[in-house]
Amino acid sequence: MESKKRIALVTGGMGGLGEAICIKLAMLGHTVVTTYSPTNTKSQQWLGDMRERGYNFHAFPCDVTEWDSCVACIARVTAEVGPIDVLINNAGVTRDMTFRKMDRINWDAVMHTNLDSCFNMTKQVCEGMLERGWGRIINISSVNGQKGAFGQTNYSAAKAGMHGFSKALSLEVARKGITVNTISPGYIGTKMVMAIPREVLDTKIIPQIPMGRLGKPEEVAGLVAYLASEEAAFVTGANIAINGGQHMQ
Ligand code: NDP
């Protein structure tokens, strides 16, 4: 894969998928910046562990649900590291419950973290990408945004919304060297998924996956790396399924 060095920012880079994405981009020689929640007490530990493994990541606190926090974070990144060429909107949460039990708090938490965050973060980097004539915006959605999921009206709506956002924005910037794409992973073996009771995984989720297994974070990271590359210049407004065939079920 072509290896022009870029500055990439991964929101929620200390989580299961985010970490794999940070590592993959660093292995390709990119400068990698991650954000973490201001309430995250393990960020320094994570950075230390990564340093021991040979990865020198930049990390800044940012609450992706809060506009002012995003403004301040990207201003710091730009001043201390440089302008962002690749933005990966990866931070996300679930608050699963049936619609009848769902209250406004759990609806809002998921919409703010998964969807409003795309607006909050992309607004900070889009103008600079337009000025430089190059950029990659990669939104991490979910197979459940494509097909819906029981107990996830909030998450399915937010994740489907991310792809609507990708498509509309990709049209606006298509002639300016910027691509905007969505990746929709299926069930990947991170702590978000391992929090699902084992019995539910074995009886309800894995049987829906034609490959009969969970995905690996590294598999998603490889796709992110491709979309961030020069070779992916003609891919835009796409929603790429990476789910072991589950989207066909
Ligand atoms: P994790 O829970 O491991 O990581 C989520 C990350 O989001 C954490 O690093 C967390 O940061 C960050 N985050 C949450 N809330 C905020 C906030 N308000 N501000 C800033 N950061 C925040 O989940 P995964 O790695 O599994 O998931 C990553 C993305 O992939 C999510 O968008 C998820 O919806 C999506 N996805 C995951 C799948 C899976 O199977 N794992 C399948 C399909 C999609 P911190 O820890 O610092 O709070």
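Predicted model: local features only at pLDDT ≥ 70, side-chain atom pairs only at ≥ 80, totals over all residues.

Modeller: Happy to! Helix 1 covers residues 16–27 and helix 9 covers residues 217–228; their axes come within 8 Å and cross at roughly 50°. That angle makes helix 1 oblique to helix 9.

Now for the residues that meet there. Helix 1 brings Gly16, Leu17, Ala20, Ile21, Lys24 and Leu25, while helix 9 answers with Pro217, Glu218, Val220, Ala221, Gly222, Val224, Ala225 and Ala228. Sorted by class, this contact has 10 nonpolar, two polar and two charged residues.

In soluble globular proteins, nonpolar side chains tend to be buried together. Here the largest nonpolar core has 34 residues, and Leu25, Phe57, Ile88, Ile138 and Ile183 are those with the most contacts inside it. Several elements each supply at least two residues of this core, among them helix 1, helix 9, strand 2 (31–36) and strand 5 (135–140). Helix 9 gives the most, with seven residues.

Leaving aside its neighbours within four places in sequence, Ile183 is in contact with residues including Ile138, Ile140, Val220, Leu223, Val224 and Leu227. There is also a second, separate core of 22 residues, which includes Ile7, Val33, Cys62 and Met121.

Technical notes. Residues numbered from 1 in each chain as written. Heavy atoms only, no water. Axes fitted to C-alpha atoms, helices over the stretch in contact; angles between N-to-C directions. Helix = DSSP H or I, 4+ residues; strand = E, 2+ residues; numbered from the N terminus. Parallel < 35°, antiparallel > 145°, perpendicular 65-115°, else oblique. Contact = heavy atoms within 4.5 Å. Nonpolar A, V, L, I, M, F, W, Y, C, P; charged D, E, K, R; others polar. Core = buried A, V, L, I, M, F, W, Y, C linked by side-chain atoms within 4.5 Å. Buried < 20%, exposed > 50% of the residue type's maximum accessible area, 1.4 Å probe, protein only.
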